[in-house]
Amino acid sequence: MKLKTNRQTIFNRCLKGLCPNCGQSKIAHSWIVIHEKCPKCSMPIKRGNGFYFGPICLNYGLIAFGIISPLLILGFSNLIPIVWTLSLSILFSFSLPILFYPISWSLWLMLYYLCLPKELYENRPDNSDDLLFDEDERL
């Protein structure tokens, strides 16, 4: 089956923070509010129970291992003062998760649909009545 929306399109849309299905609307309403469904195509962004763990893990991993850990290594190796290290670590640990929240959702959707492109609503067959769009309705 040929995909209507290919992986390159999904990648480009998610990098821009757009809906991976239609590419016409942002997935985030604001920095701390993610749409439940796309305002244009009604594809669920928050697909169901447990789907939010992906963005949380990405957000935590990026901040803990990409920012806080290198900062602590620099501080404990005396390249920057320890007071600055601890102050910046505390500041970043509270502020960056909020700033990276919509980015982590976009990256999670990109990873999910790059791995499972047939799950994207636009790529499902027309006669897929057993593949409901809302995972809560599948049960």
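Helix H3 gives the most to the lining of the largest pocket, with four residues. The model is a predicted one, in which local features need pLDDT of at least 70 and side-chain atom pairs count only at pLDDT 80 or more, while totals for chains, interfaces and linings use all residues. Numbering runs from 1 along each chain as its sequence is written, and side-chain values use heavy atoms, with hydrogens and water left out.

The pocket holds about 200 Å³ of space. Of its 13 lining residues, Lys16, Gly17, Pro102, Ile103 and Ser106 sit closest to the centre. A pocket here is an open set of points on a 1 Å grid over the protein atoms alone, where a 1.4 Å probe fits, with protein on both sides within 12 Å along at least five of seven lines; lining residues have an atom within 4 Å of a point. Helix H1 (7-15) joins H3 in supplying at least two residues each to this lining; helices are DSSP runs (H or I, at least four residues), numbered from the N terminus. By class, the lining comes out as eight nonpolar, three polar and two charged residues.

As for H3 itself, its 34 residues would reach 50 Å as a straight helix at 1.5 Å a residue, but the end C-alpha atoms are only 42 Å apart. There is a bend of about 50° at Tyr101, and a proline, Pro102, follows within four residues; the bend is the angle between axes fitted to the seven residues ending at a position and the seven starting there. Buried residues of H3 include Leu96, Pro102, Trp105 and Tyr113, where buried means under 20% relative accessible area, exposed over 50% and partly exposed in between (1.4 Å probe, protein chains only).

Then there are the aromatics. Rings of Phe, Tyr and Trp (its six-membered ring) pair if their centres lie within 6.5 Å, with planes under 30 degrees apart stacked, over 60 edge-to-face and the rest tilted. The count by this rule is seven aromatic pairs. Trp108 and Tyr112 make a tilted pair, because their ring centres are 6.4 Å apart and their planes meet at 45°. Both lie in H3 (residues 82-115), four residues apart, or about one turn of the helix. Trp108 is partly exposed at 23% relative accessibility, whereas Tyr112 is buried at 15%. Phe51, Trp105, Trp108, Tyr112 and Tyr113 form one aromatic cluster.

Gly48 counts as buried, at 19% relative accessibility. Glu36 is twelve residues from Gly48 in sequence and 9.8 Å away in space, C-alpha to C-alpha.

Note on methods:
Points joined across faces, edges and corners; volume = space filled by probe spheres on them. Nonpolar A, V, L, I, M, F, W, Y, C, P; charged D, E, K, R; others polar. Expected span 1.5 Å × (residues − 1).
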